[in-house]
Amino acid sequence: MAEQPGDKKSTFKKLGARHKARRRAVDLLFEAEARDVDAADLLTERAELATQDQAVAPLPAYTRTLVEGVADDLDRVDGTIESYLKDWELSRLPAVDRAILRIAVWELFHANDVPPVVAVDEAVELAKELSTDDSPGFVNGVLGQVVLVAPQVRAAAAATRAPRPESQA
C-alpha cells in the first residue's frame with residue numbers, strides 16, 4: 001500500500017527507544033561542542049542532575065554508550081568523516097551534522113548489534129528532523145562511503161581485542 005500524504009506512519013515509525021537515545025546523544029554532543037566542554041564530562045553532569053532533579057529525564061543507557069564511545073574514539077571518527085568530505089572541512093559543517101555523523105560512524109565501527117543500514121537510516125532521519133534541507137542527502141552520501149570500509153574497521157578492532165594464543169600460556 002502506498003503511503004498517502006499526511007500519513008503519520010513514516011513520521012513516527014522510528015520513534016523507538018534507540019532513536020530517542022540517538023537524538024539525545026546528538027543533543028549532548030552538540031551542546032558539548034557549543035560549550036567547549038568534554039562530552040563525557042557533560043554526560044556525567046547530566047546523569048548527576050537527573051538523580052537530583054526529577055524534572056530532568058534520566059539518560060538512556062544507549063545515549064551513554066554513544067556519547068562515551070564517540071568521546072573515546074573522536075580522533076578516528078573525525079578523521080574518517082574528513083576523509084570522505086569532498087571540498088569541505090569538518091569544521092565548516094553545521095554542528096548538528098557533525099554530531100549526527102560522529103554517532104553514525106561510531107555505530108558503523110563499533111556497534112555490532114546495529115546493522116549498517118540502520119545506522120545510516122537513523123542518521124538520515126535525524127538529519128531530516130534536526131538540520132537543513134540539504135543535510136539528509138549529504139549525511140547519506142558521506143555514510144554511504146564509510147559503510148564500505150566499516151567491516152574492515154570492525155574486523156581490525158576485533159583482531160586487536162582477541163586474546164592471542166601465545167599470551168594465554
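Start at D38, at the beginning of helix α3: one of its side-chain oxygens comes to within 3.0 Å of the backbone nitrogen of A40. Keep in mind throughout that this is a predicted model.

**Along α3**

Now select residues 39–52, which form helix α3. Check its length. With 14 residues at 1.5 Å a residue, the helix should span 20 Å, and its end C-alpha atoms are 20 Å apart, so the two agree.

Next, colour A39, L42, L43, R46, A47 and A50. These residues of α3 are buried. Look down the axis of α3: the buried residues fall within an arc of 140 degrees, so they line one face of the helix.

What covers that face? Show α2 (17–35) and α4 (61–72), which are among the elements covering the buried residues of α3. Then turn to the other side of α3 and pick D41, T51 and Q52. These three are exposed.

**Two aspartates in loops**

Step back to D36. This residue sits in the loop between α2 and α3. D36 is not a glycine, yet its phi is positive, at about 55 degrees. Why flag that? Most residues other than glycine have a negative phi.

Jump to D87 for another case. Find it in the loop between α5 (74–83) and α6. D87 has a positive phi too, about 60 degrees, and is not a glycine. Is D87 buried or exposed? It is exposed, with a relative accessible area of 76%.

**H110, at the end of α6**

Select residues 95–110 to see helix α6, then zoom in on H110, which belongs to it. At 23% relative accessibility, H110 counts as partly exposed, because the buried class requires under 20%.

Which residues does H110 touch, leaving aside those up to four places away in sequence? Display D73, R76 and R154: these are its contacts. Focus on D73. The side chains of H110 and D73 make a polar contact at 2.8 Å.

Conventions: Residues are numbered from 1 along each chain as its sequence is written. This is a predicted model: local features need pLDDT of at least 70, side-chain atom pairs count only at pLDDT 80 or more; totals for chains, interfaces and linings use all residues. Side-chain values use heavy atoms; hydrogens and water are left out. Helices (H or I, at least four residues) and strands (E, at least two) are DSSP runs, numbered from the N terminus. Buried means under 20% relative accessible area, exposed over 50%, partly exposed in between (1.4 Å probe, protein chains only). Contact means heavy atoms within 4.5 Å. A polar contact is a pair of N or O atoms within 3.5 Å; within protein, one must be able to donate a hydrogen and the other to accept it, and residues adjacent in sequence count only if both atoms are side-chain atoms. The expected span of a helix is 1.5 Å times one less than its number of residues. The arc is that of the directions from the helix axis to the C-beta atoms.
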